[in-house]
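Please open the model in your viewer and keep the selection panel at hand.

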Amino acid sequence: MSTRLETERLVIRTFEPRDAEGWIAMVSDPDVRRFLPPGPVPTIETFQSAIERRHAMERERGFALWAVDVEETGTFVGQCGLQPIERTGPEIELAYHFNKSSSNKGYATEAAIAVLAHAFGPIGLDRIIAVVVPENIGSWRVMEKAGMRFEGVATYYGLTDLKKYIAEREWWRSPISS
């Protein structure tokens, strides 16, 4: 299975081996890591393990975390997609991480909207959550701009006081006018 979503400026697609360098650089950046749950230092082995898990999830569930490229240049700028919260669920979370050079360009919001539309459309999910550390103001603003609603404070990934947002098929509409 291979996914490819296109937005005005982005291509959201299944991860490939060629994404290793960009992904490792992104998740190794201290400015990105400070908002992630604690984990091992990323290596080529952790990348290979991650894409194997993602490919299996995509085959089984129809979704995963996907690579995000700028369409015009083909440059890898981040990842955005869906996964069971804490890897086990049952809730499905929207997750995204972008490299520092792509900050403040609207890529995260654009990708999040496309992934939510795909989740509620072809994938057929009914409810998506997203969680963020309160200090990551840019990230929770992305959730709001993507049409998600603040639900409250929650604990996931061993992190307390996370802001939790939700979107439900019944009421979510893309904030991008057609």
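This is a predicted model: local features need pLDDT of at least 70, side-chain atom pairs count only at pLDDT 80 or more; totals for chains, interfaces and linings use all residues.

Residues are numbered from 1 along each chain as its sequence is written, and side-chain values use heavy atoms, with hydrogens and water left out.

A search of the whole structure finds five aromatic pairs, where rings of Phe, Tyr and Trp (its six-membered ring) pair if their centres lie within 6.5 Å, and planes under 30 degrees apart count as stacked, over 60 as edge-to-face and the rest as tilted. Select Phe15 and Phe47: their ring centres are 6.2 Å apart and their planes stand at 70 degrees, so this pair is edge-to-face. Because Phe15 lies in the loop between β2 (10-13) and α1 (20-28) and Phe47 in helix α3 (residues 44-61), the pair ties together parts 32 residues apart in sequence; helices (H or I, at least four residues) and strands (E, at least two) are DSSP runs, numbered from the N terminus. Phe15 is buried, with a relative accessible area of 2%, and Phe47 is also buried at 2%, where buried means under 20%, exposed over 50% and partly exposed in between (1.4 Å probe, protein chains only).

Next, select Phe150 in strand β7 (residues 149-156) and Tyr165 in strand β8 (residues 159-168). Phe150 is partly exposed at 45% relative accessibility, whereas Tyr165 is buried at 0%.
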